[in-house]
Amino acid sequence: MGSTGTVLRELRGAQKSAKGVSLYSRYVNRPAGRVLAAGAYRAGLSPNQVTLISALFTYGAVALVALVEPSWTLAVLVYAALAVGFAFDSADGQLARLTGRGGPDGEWLDHVVDCGKLLLVHTAVLISFYRFGELPSESWLLLPLGFQLAAVVTFCAGLLREHLGKAAASAQGPSWAATPAAPVSRVRAVALLPADYGVFCLVFLLLGAPGAFRAGYAVLAAVHTLFLAAFLAKWFRELKALRAG
């Protein structure tokens, strides 16, 4: 087992492409995940165990949002747990590529945990609004449901786009698959920031000020809805083009 520095260098070499990744994931979450993956490797953990650690931090934070009255202390605890959970979510894939121990079971578990967190985090906000929010109007209770819909549909549609695209590429043969990928765009990386889960987690730092939290959460809900519409149109066009090809 190599030193931590050696493991980190190997992890950098096994890093996924930065194409389609926001600046937060590229420069904050992935580097943090590398450090956690190196620690997990040194500790002899499997990628699936790292996924479950990610779930422990994330779901623990979600439970706090639903069950504990908002405060600045809660805000810091929830954000820290969500951010660490997200970093571990990056670490499991990096560890799998480093060790060659990844497989369909690990990918399945990772997606199940991700889907669960998207469902539960907005459910927890809904519960918090209902129990502690002192809302200006009961219509605010619809906001987490709409945000949840946008988040889950984006997640599921993105997964389908990826897997259907791979199937189409395989059917088209090696000449189609060898088409060079578009270069990484920094403008796109900046534009994707509002849709990044790590940026979404930042809104929980406002839990100590319920009005500010509602406003920030509402802005992100609107942005995610706009991104969903843009992504759906883009992915549909891409899949249609693959069929035509």
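Biologist: Ala87 lies in helix H4. The model is predicted. Is Ala87 buried or exposed?

Modeller: Residues under 20% relative accessible area count as buried. Ala87 has 5% relative accessibility, so the class is buried.

Biologist: How far is Ala87 from Ala37 in space, C-alpha to C-alpha?

Modeller: Start with the sequence: Ala87 and Ala37 are 50 residues apart. Ala37 belongs to the buried residues of H2. In space, the C-alpha atoms of Ala87 and Ala37 are separated by 9.3 Å.

Biologist: What span does H4 reach from its first C-alpha to its last?

Modeller: H4 covers residues 72–99, which is 28 residues. At 1.5 Å a residue, 40 Å is expected. The model comes close to that, with a reach of 40 Å.

Biologist: Which residue follows H4, and what is its phi?

Modeller: The residue after H4 is Gly100. Its phi is positive, near 70°.

Biologist: Now the whole protein. How many helices and strands does the protein have?

Modeller: Along the sequence the pattern reads α-α-α-α-α-α-α-α-α-α. Of the 245 residues, 41% are buried. The secondary structure comes to 10 helices and 0 strands.

Biologist: Take H2. How far apart are its end C-alpha atoms?

Modeller: H2 runs over residues 23–43, 21 residues in all. At 1.5 Å a residue, H2 should span 30 Å. The model agrees with that, because the end C-alpha atoms are apart by 29 Å.

Biologist: Where does H2 bend?

Modeller: The bend is about 35°. A proline, Pro31, follows the bend residue within four residues. H2 bends at Asn29.

Biologist: What lies at the start of H2, within 3.3 Å of the backbone nitrogen of Tyr24?

Modeller: Tyr24 is one of the buried residues of H2. The atom that reaches its backbone nitrogen is a side-chain oxygen. That oxygen belongs to Ser22.

Biologist: On to the cavity. How much space lies in the largest cavity?

Modeller: The structure holds 1 cavity of 30 Å³ or more. The space in the largest cavity is about 90 Å³.

Biologist: Which elements give two or more residues to the lining of the largest cavity?

Modeller: The lining consists of Pro70, Ser128, Phe129, Phe132, Gly133, Leu207, Pro210, Phe213 and Arg214. By class, that is 6 nonpolar, 2 polar and 1 charged residues. The elements are helix H5 (104–132) and helix H10 (210–244).

Biologist: H10 also holds His224. Which residue has its backbone oxygen 3.2 Å from a polar atom of the His224 side chain?

Modeller: His224 is buried, because its relative accessible area is 13% and buried means under 20%. Its side-chain polar atom lies 3.2 Å from a backbone oxygen. The residue that supplies this oxygen is Pro194.

Biologist: Last, Val112 in H5. How far is Val112 from Ala55 in space?

Modeller: Val112 is partly exposed, because its relative accessibility is 40%. Val112 and Ala55 are 57 residues apart in sequence. C-alpha to C-alpha, the distance is 10.0 Å.

Definitions and conventions
Residues are numbered from 1 along each chain as its sequence is written. This is a predicted model: local features need pLDDT of at least 70, side-chain atom pairs count only at pLDDT 80 or more; totals for chains, interfaces and linings use all residues. Side-chain values use heavy atoms; hydrogens and water are left out. On a 1 Å grid over the protein atoms alone, a cavity is a set of points where a 1.4 Å probe fits but cannot get out, and a pocket is an open set with protein on both sides within 12 Å along at least five of seven lines; lining residues have an atom within 4 Å of a point. Grid points are joined across faces, edges and corners, and a volume is the space filled by probe spheres set on the points. Ala, Val, Leu, Ile, Met, Phe, Trp, Tyr, Cys and Pro count as nonpolar, Asp, Glu, Lys and Arg as charged, and the others, Gly among them, as polar. The expected span of a helix is 1.5 Å times one less than its number of residues. The bend at a residue is the angle between axes fitted to the seven residues ending there and the seven starting there. Buried means under 20% relative accessible area, exposed over 50%, partly exposed in between (1.4 Å probe, protein chains only). A polar contact is a pair of N or O atoms within 3.5 Å; within protein, one must be able to donate a hydrogen and the other to accept it, and residues adjacent in sequence count only if both atoms are side-chain atoms.
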